[in-house]
Amino acid sequence: MHVTLEQPTGACLITAADKDIAIPATLRYTSADPLAVHLDFPPHVTLDGEAATWTFARVLLSEGLHTPAGLGTIRVRPCGSSHTYVEFHSPAGTAMLRFATTDLYRFLARTYAAIAPGEETVGAELDQGLVALFGGRV
């Protein structure tokens, strides 16, 4: 049985004019995908009016709480001791959100209680697929 954790949280969208716009978001983790975290946004805060989810490595979130992390479409970095920036890069542009670091730590602690770091497995489905691909030589 898989466990899914959700934690509603607020974030501030940092605009080009350095204006903060409060937006709702939900942090989500599922033991079915133990290496990833998901950040869900409701339709009314997206450009196209559709709900959006960004998925990235749990370790990226963890590392970004202490030091700048990420080179690709999602980057995480501390902003003092009380805030953390999460940047989203896409062909349409870049969005930077500021989260309360305590919210992110609390979420990570809950995910670690579900599956400790280093204890993640990729699942029986992948094992079966590798066996089929390599003819039992895995």
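## A buried phenylalanine

Phenylalanine 88 is buried, at a relative accessible area of 4%. The model is a predicted one. Phe88 takes part in a ring pair with tryptophan 54. The two ring centres are 4.8 Å apart, and the planes meet at 55 degrees, so this pair is tilted. Angles over 60 degrees would count as edge-to-face.

Where do the two partners sit? Tryptophan 54 belongs to strand E4 (residues 52–57), and phenylalanine 88 belongs to strand E6. The pair therefore ties together parts that are 34 residues apart in sequence. Tryptophan 54 is partly exposed, with 24% relative accessible area. The cut-off for buried is under 20%.

## The aromatic cluster

How many aromatic pairs are there? The count is two. Phenylalanine 41 and phenylalanine 88 make an edge-to-face pair. Their centres are 6.0 Å apart, with 90 degrees between the planes. Phenylalanine 41 lies in strand E3 (residues 36–41) and phenylalanine 88 in strand E6 (residues 83–90), so this pair ties together parts that are 47 residues apart in sequence.

Phenylalanine 41 counts as buried, at 9% relative accessibility. Ring pairs join Phe41, Trp54 and Phe88 into a cluster.

## Overall layout

The protein has seven strands and three helices. Along the sequence, the pattern reads β-β-β-β-α-β-β-β-α-α. Of the 138 residues in the protein, 33% are buried.

Consider the contacts with a separation of 6 or more: residues 24 or more positions apart account for 35% of them.

## The largest pocket

The largest pocket holds about 530 Å³ of space. Its lining has 19 residues. Which of them lie nearest the centre? They are Val45, Thr46, Leu47, Trp54 and Ala95. Trp54 is also a member of the ring cluster.

Four strands each supply at least two residues of the lining: E2 (20–30), E4, E6 and E7 (93–100). E7 gives the most, with four residues.

## Threonine 9 in strand E1

Threonine 9 is found in strand E1 (residues 4–14). Is this residue buried or exposed? At 8% relative accessibility, threonine 9 counts as buried. The threonine 9 side chain makes a polar contact of 3.1 Å with the side chain of aspartate 103.

Leaving aside neighbours within four places in sequence, threonine 9 is in contact with Ile23, Pro24, Ala25, Leu27, Phe99 and Asp103.

## Arginine 28 in strand E2

Arginine 28 is found in strand E2, which contributes to the lining of the largest pocket. The side chains of arginine 28 and aspartate 40 are joined by a polar contact of 2.8 Å.

Which residues does arginine 28 touch? Not counting residues up to four places away in sequence, they are Thr4, Leu5, Glu6, Val37, His38, Asp40, Thr53 and Phe107. One of these, leucine 5, is 23 residues from arginine 28 along the chain. The C-alpha atoms of arginine 28 and leucine 5 are separated by 5.6 Å.

Conventions. Residues numbered from 1 in each chain as written. Predicted model: local features only at pLDDT ≥ 70, side-chain atom pairs only at ≥ 80, totals over all residues. Heavy atoms only, no water. Phe/Tyr/Trp six-rings, centres within 6.5 Å; stacked < 30°, edge-to-face > 60°. Buried < 20%, exposed > 50% of the residue type's maximum accessible area, 1.4 Å probe, protein only. Polar contact = N/O pair within 3.5 Å; in protein donor to acceptor, adjacent residues only side chain to side chain. Contact = heavy atoms within 4.5 Å. 1 Å grid on protein atoms, 1.4 Å probe; cavity = no way out; pocket = protein on both sides within 12 Å on 5 of 7 lines; lining within 4 Å. Points joined across faces, edges and corners; volume = space filled by probe spheres on them.
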